[in-house]
Structures are given as structure tokens and as C-alpha cells.
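Please look through the sequence and the structure below before reading on. The briefing that comes after them is meant to be read with both at hand.

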There are 2 protein chains.
Amino acid sequence: VGAATLGQLKPLAVALGDPAGIGPEVTAKAWDLRATEHLPCFFAVGDVGSIEAVWAGPIKRISDPLEAAAVFDSALPCMHVPDDGETVPGLPTLDGARCAFQSLEVATGLVRAESAAALITGPVSKTQLAQVGFQHPGQTEFIAERCGVSRGNIVMMLAGPTLRVVPLTIHIPFAEVPAALTATLIKARAHATARGLRRLFGIEQPRLAMAGLNPHAGEEGLLGREEIDVIAPVLEVLRSEGLDISGPHSADAMFSPRARAKYDAALCCYHDQALIPIKALHFDDGVNITLGLPIVRTSPDHGTAFDIAGQGHAHPGAMIAAIKMARDAEICRRSRIETV
Amino acid sequence: VGAATLGQLKPLAVALGDPAGIGPEVTAKAWDLRATEHLPCFFAVGDVGSIEAVWAGPIKRISDPLEAAAVFDSALPCMHVPDDGETVPGLPTLDGARCAFQSLEVATGLVRAESAAALITGPVSKTQLAQVGFQHPGQTEFIAERCGVSRGNIVMMLAGPTLRVVPLTIHIPFAEVPAALTATLIKARAHATARGLRRLFGIEQPRLAMAGLNPHAGEEGLLGREEIDVIAPVLEVLRSEGLDISGPHSADAMFSPRARAKYDAALCCYHDQALIPIKALHFDDGVNITLGLPIVRTSPDHGTAFDIAGQGHAHPGAMIAAIKMARDAEICRRSRIETV
């Protein structure tokens, strides 16, 4: 892998997310830094006006990803998906949500059709999307469906330079977590995570670490029994199947620098158990990468940030990291297909 | 406050915690660094043998805290509380748990009697303590009882250089958190936290930030209703009572560097929501400080670490930070009593 393989990559598709969020701004700022950050060719998919509203740089509309490479040095290539209303940064609208939905659909289709090398998705408002007929808990589940993959076989991983985490349950209420955390789920996600680390990160013998659900991983049953009744037994099974997986660990102790050095990915019982440490440590360079898809898909690990949209303060670090990780993962994936 | 007040402080009492844990080692290592770290005079309370098992430095037995000051420059003063069994680092025993229990009792009594300026407690094993008749969920609740303060009026705060967190529920199973998180609890803890920040940290107008329970703070009810039904209404009441409290915030977003700069303490719904970020960010210098007691009590924010006890690897940073914070809080507390 390297320059030769990289040279053959098609351009990467960046769906801008909600036009009133910070997606357009961080995408444009990433383009500004394309040379110093050594970014591969990418193009935006979304409303051109949403970029113009927050950025004064050059934009060139394209109608086919094939046009992106010739444009990329001098302008941000954009495949226009109109927002039928007026885009006002920081003020989400239903028209904007429809535009985000459509941009995601278009960008996913282009990657599925192999017209683009990988998919990067900007942040959306789930509340707004739910009001315009979006039936999925998040963009990840939508993409899985479009790729013909069951939700049960995909894994959302958040990755930063010093930590990778996988939330085993995601967008469900806190109170529903204990019942959702089944042996079947843990087993499927652990294997899918190990496969993803091999396939997209080239880690041949992935070391996984499983968090406990209760304080101090239940402290031998004093503070809850899920570790004894569910987690520990399934970890035994996974080990017998050849997986290198430790735990259940006390969740509060496993994200220290020394603990993090001992595993390649932490499996977490619920959304915040995974997202709190990754965002505390890697707020400006955390990436959401979906494992288990036939395509590579990443996303900057931040929200729409409507409160700062349009003010020029949005940090492009996570978008830049998402573009780089998508490129690296796609190169890794292709090299393994070619050598197998 | 400063050198004059500091000079008048009685010595600080450090209960060593479980003799087979890393408490004795980090206490002795803190004494090693007393000059470079500018530590105030302190003395150990626990089994002398548990220190000797892991440290070759000078120890001087004392029978009264009054003797500590004359000893401190040349030896670690220790008020001996015998472990009736043999202390083997890394191998907890019931005799060791009894020793930890007794050491806590003695040290707490000395601070209550104003023979010592403040209490620092080393790590214990709750599992072991529960087997020797210790009836409390943790050391904090025991100390509250000995101080004649109801558990409902004390607050456990974890504090590091860039973050302070308060878990509103602590040592209970995950599944019991939603029912335990009542308006009454949030209200009492918020006021107690604000009082504690004024009294022990000298922050006259504390800014509090309350976390949501569900992913994305429930995302307007889509992912759980506790924010709408319980948290948001009580925050409104607290604001009307003059408290500066924001939220409910998306828990995963509130521990980024920029978010942390906007509050003095984060109120968290449960143990790991608070302890994951503080330990991810401040594993080697996080301090547990109890608000609402008539005395100052701190503790290094780590466990017994039986797996590394006796190997010489234990990091004394958190114990040093706990000793310093106890000193500073006691000076702050006294100065306010004197000036009121």
C-alpha cells in the first residue's frame, strides 16, 4: 500500500449533513487544509448554498464524481442537493432535514456504485430527520440498509489516536440497556469488531477489552449481577473461540492511559460509556467508523453544533481525521482483497 | 491564607486503606516527595508492616498526632493499627480488611477530635469490608455517620486539575439508577455541591452543569424521558432559587476541553458517567473530596490495585494531590470561619 494504491483511489464522497449545522463549514475548512494535511481528493454532497453561507472559498459544482479530481486542487467540488428552504446556519428546518436525508442517500449510492471510494457523513439532527420520514435510529442504520446488511451485523466504532471504542447498544433509553445487553449481542459484536480491526485497520490479532455494566463491574455481584450472569460467561465462550478479549473491566478504570495501551478496542455496554471517554480525550479528532459494511464509511465524531454554526469557530479536526481514516481503511480493505 | 495559616495546621491523617493494596506504597512514596511537592506534615494510620513490606524508607511509630511534626522531616510518622494476619501485598485477607476498617475508624476519630487537620483515606476493598461487618456502601458513608451527618447531605466530588464531577447516585446497580434519580436528590446535591465549592474551594459563584441520563440527553424525548420528566423541571426550580446551573447536557459532549471550561463542577446521574471522564483525564492526579462534612476528607481517586501491589509501580500522584487538596480545603474552610 502507499502512493501507488492511493493514486488509484476514486474520490471520497462527503455528505454534508444538516445544512444548518457545522457540516458544511468543517468540510470546507478541511478542503482549505488539503495540502498541509495531505488529504485525498474528496467532494461534497449537499446544498451549495449551505457552504456559501459560511465560507468564502471557491466551490465548483460537479454532476459526476469523475469530475472531482480535475477540480480538487483549485476548488471544493460539490454535487448539489438543494435545500428547498433558505439555509440559515444554526436554525434547522424540515427542508434542511430533507436535504440532509437526500444528500446521505445520494452519497451512499455513489459509494455503493463504486463511483466514490468511501463515504464520509456530516452531522445530522435525529430529531429533525424523524419529522421528515427518516425511519432509522441514525445514519449508520440507514447506510446498513442501503448496503443490504442487517443492523445486527454492523458495528459503530469511535476511533481516536489513543482509543477505539464500540458501544454495544447505542440509541436506546438508559433504562432499556440491561435487557438489550444479551450474550447474543455481545458475541456478534465482538467477532464483528475483531473482523473489522483486521479488515480496515490491518490488525491481525486484535486485543479487545469488554467493560462491565455496573459500577466497578458489579464488584463481584455486590453492585449488580449482569457481569456474572451475562458478560463473564460470554467472554469465556469468545475466548474458547480464539478471541483475545479481556474483562469485564471496571469501566471507570479502563480508559486511563496505561489501561488503554493494553487493547485495540474497548467494547462498551452503552452509548455514553463509549462516547464519554472518546470525546473527553479526542473531541477534535475522533472518528466514527462503521465496521461490517461492504463499503468504508466514516464520520466526524461530533454533532450538528447548531449553537456555533455560522460563526466560523467550528474545528475541522474531526472531519479531517474522518477523511484520512476513510482513505486509510479503504486502502487497507483493498489491499487485503487483492492479496487474498 | 498562606504560610502563616499553613503553619498553624495540625498534621493530616492518612488512613492507609487495605494493607494488601497500594495505599501503603503511595503514602510512603508521597512522603519521599514531601520536599519537592511541598507537602504539609502528615502521618499514616495503619499497619507499619504493610509499609515495610513495600518500602525501605524510615518509619517512626507515634502514639499521638502531636508527635508527627517533630518526626516528619526524617521519617514517615505512623500510628500503628495492627493487621492480625500476615500482610502480603496483592493478597487481600479478612484480617487486612479489619485493619483497614480500624484504621479508618481511628483516623476519622482523630480528625473529628481536631487532633489532626484533615482526613485522607487510602483505597479499600468493599467486597472484603462487607465480609467483616462493614455495613456501609463505601468509606464516605461511614465517615458521614461518624460525623453525625445524614448520607443525604453529603456529596462525593471527584476533582482533577481540569475537571470536577459529582455522581448523584453512586454504588448502586446500573438498573436502579433511573428510579434513584429523583428531583429531591438532584436538588439536595446541587445545593450541597454549590455550598461545598464555596466553602472548600472558595468559589463564590459556582457554575454547575447537569448531565442528562439518556444518550444525547434523551434527544427531546426520542431516547428516553427522564430529562423531560425529572431533570429539566428541577433545574428550572434550582435556577429560580438562584443557582447557576446549566443542562441537562448531552453527557458525551460535556467533557471536551471547551465544554469543561464553562463550569466549575458537573453533576452526573451515575457512577461511571462521572468517573469515566475524571479517570480518563486525571488518572494520576484525581482526588475524591467529600462535601457536606464538618471535616475535610479527601482520597486518591484509585482503587486498591491488588494486581500491581508490592511491585513498586504504584504512582503516588493521586495521593499527593489528595494530601494537597485536603490542606488547601482546610485552609479555605478555616479562613471562611474566621472571617464570617
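The model is a predicted one. In it, 42 residues of chain A are in contact with 42 residues of chain B, and the structure holds 30 salt bridges over all chains.

**Helix α5 of chain B**

- Helix α5(B) runs over residues 94-112, and its 19 residues, at 1.5 Å a residue, should span 27 Å, which agrees with the 27 Å that separates its end C-alpha atoms.
- Several residues of this helix are buried, namely G96(B), A97(B), C99(B), A100(B), S103(B), L104(B), A107(B), T108(B), L110(B) and V111(B).
- After α5(B) comes E114(B), which has a positive phi, near 65 degrees.

**Two residues of helix α9 in chain B**

- T193(B) belongs to helix α9 of chain B, residues 183-201, and with a relative accessibility of 0% T193(B) counts as buried.
- The side chain of T193(B) reaches the backbone oxygen of R189(B) at 2.6 Å.
- Once neighbours within four places in sequence are set aside, the contacts of T193(B) are V155(B), M157(B), V166(B), L208(B), A265(B), L267(B) and L291(B).
- L185(B) is also found in helix α9 of chain B, and its relative accessible area of 16% makes L185(B) buried, since the cut-off for that word is under 20%.
- Not counting residues up to four places away in sequence, L185(B) touches L168(B), T169(B) and A180(B).

- The size of an interface is often given as the accessible area lost when the parts come together.
- For chain A and chain B the buried area is about 3500 Å², and carbon and sulfur atoms give 64% of it.
- On the side of chain A, the residues that lose the most area to chain B are F174(A), D252(A) and I276(A), which together account for 21% of what that side buries.
- Between chain A and chain B there are 4 salt bridges, and R258(B) forms a salt bridge with D284(A), with the closest N and O atoms 2.9 Å apart.
- There are also 12 residue pairs in polar contact between the two chains, counting pairs with both residues at pLDDT 80 or more.
- The elements that give two or more residues to the side of chain A touching chain B are α6 (126-130), α8 (177-180), α11 (257-260) and α12 (271-282) of chain A, and α12(A) gives the most, with 9 residues.

**Salt bridges within chain A**

- R146(A) forms a salt bridge with E105(A), where the closest N and O atoms are 2.5 Å apart.
- This pair links distant parts of the chain, as R146(A) is in helix α7 and E105(A) in helix α5 of chain A, 41 residues apart.
- R146(A) is partly exposed at 34% relative accessibility, and E105(A) is partly exposed at 27%.
- K187(A) forms a salt bridge with E241(A), with the closest N and O atoms 3.2 Å apart.
- K187(A) lies in helix α9 of chain A and E241(A) in the loop between α10 (226-240) and β9 (244-249), so the pair ties together parts that are 54 residues apart in sequence.

Conventions. Residues numbered from 1 in each chain as written. Chains lettered and ligands numbered in written order. Predicted model: local features only at pLDDT ≥ 70, side-chain atom pairs only at ≥ 80, totals over all residues. Heavy atoms only, no water. Helix = DSSP H or I, 4+ residues; strand = E, 2+ residues; numbered from the N terminus. Expected span 1.5 Å × (residues − 1). Buried < 20%, exposed > 50% of the residue type's maximum accessible area, 1.4 Å probe, protein only. Polar contact = N/O pair within 3.5 Å; in protein donor to acceptor, adjacent residues only side chain to side chain. Contact = heavy atoms within 4.5 Å. Buried area = accessible area lost by both parts, 1.4 Å probe. Salt bridge = Lys/Arg side-chain N within 4 Å of Asp/Glu carboxyl O.
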